[in-house]
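Please walk me through this model.

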Amino acid sequence: PEDTGCKTQFATSCLALGDIEKWKTFFDEYNCNSLRNFQTQFQKLEKLMSEVKSKESSKKYPEALFALNECLKLSPNSAKLICWKVKLCCLTKDFSDAEIALKKLESHNQKLEPGEESMMRGIYFYYKGKPEDAYNHFSNAQRETKEAEVWLKKTRQMKIGRAHVLNSSHTVISYAVFCLKK
């Protein structure tokens with residue numbers, strides 16, 4: 001499109017949604033002075049996202065969450081970033097913010113990568129100590145993402161650990177009842 005207003009509107013939408021790939025294609029084709037400010041903002045977003053990945057991989061979750069919140073200031077409607085926020089909130093045990101992010105995710109009508117929302121919900125339930133719900137979501141996500149398999153294994157271990165504790169408790173209780181009957 002030749003219309004600067006149309007270009008600006010498209011760039012604004014790409015930024016709000018955090019759609020870097022679509023922006024790059026658009027910018028390469030319509031590179032003009034009116035889009036320079038957007039190019040700077042997208043470069044900042046890319047740099048912040050790289051920082052989030054780096055902090056997350058080095059298990060500096062609070063720092064990763066801080067950088068992600070900076071990303072969301074640039075791209076407040078990005079379902080991908082909101083999903084990522086759910087995960088990081090869970091990793092920092094900030095469940096109230098995770099719940100707010102999940103509600104925001106529900107209100108968006110954006111398409112996510114297949115299995116992405118189930119993955120985030122599984123992580124949420126895993127850290128909330130609800131292995132059955134986590135397992136169900138990870139099972140759904142497993143069809144679409146390899147990361148789900150890692151979480152499924154963790155959830156199975158959590159379920160096995162709980163069953164072992166329950167069985168151990170049952171033995172102790174049975175023995176106590178036996179002693180009381182004497």
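In this predicted model, a polar atom of the S75 side chain lies 2.5 Å from the backbone oxygen of L15. S75 sits in the loop between helix 4 (61–74) and helix 5 (79–91). Is S75 buried or exposed? S75 has 0% relative accessibility, so it counts as buried, the cut-off being under 20%. Leaving aside residues up to four places away in sequence, S75 touches L15, A16, L17, G18, L45 and L81.

L45 leads on to helix 3, where it is one of the residues that meet helix 4. How do the two helices run? The axes of helix 3 (residues 36–57) and helix 4 come within 8 Å and cross at roughly 160°. That angle makes helix 3 roughly antiparallel to helix 4, because angles over 145 degrees count that way. The crossing of helix 3 with helix 4 is left-handed. By class, their contact has 10 nonpolar, one polar and six charged residues. On the helix 3 side, the residues include L48, M49, E51 and V52. On the helix 4 side, they include A64, A67, L68 and C71.

Now take the loop that joins this pair. K59 lies in the loop between helix 3 and helix 4. Its phi is near 60°, a positive value in a residue other than glycine. K59 has a relative accessible area of 61%, so it is exposed, since exposed means over 50%.

A further loop holds K93, between helix 5 and helix 6 (95–107). Phi of K93 is near 65°. This value too is positive, in a residue other than glycine.

Note on methods. Residues are numbered from 1 along each chain as its sequence is written. This is a predicted model: local features need pLDDT of at least 70, side-chain atom pairs count only at pLDDT 80 or more; totals for chains, interfaces and linings use all residues. Side-chain values use heavy atoms; hydrogens and water are left out. Helices (H or I, at least four residues) and strands (E, at least two) are DSSP runs, numbered from the N terminus. Buried means under 20% relative accessible area, exposed over 50%, partly exposed in between (1.4 Å probe, protein chains only). A polar contact is a pair of N or O atoms within 3.5 Å; within protein, one must be able to donate a hydrogen and the other to accept it, and residues adjacent in sequence count only if both atoms are side-chain atoms. Contact means heavy atoms within 4.5 Å. Axes are lines fitted to C-alpha atoms, for helices over the stretch in contact, and angles run from 0 to 180 degrees between N-to-C directions. Angles under 35 degrees count as roughly parallel, over 145 as roughly antiparallel, 65 to 115 as roughly perpendicular and the rest as oblique. A crossing is left-handed if the near helix is turned anticlockwise from the far one by less than a right angle, and right-handed if clockwise. Ala, Val, Leu, Ile, Met, Phe, Trp, Tyr, Cys and Pro count as nonpolar, Asp, Glu, Lys and Arg as charged, and the others, Gly among them, as polar.
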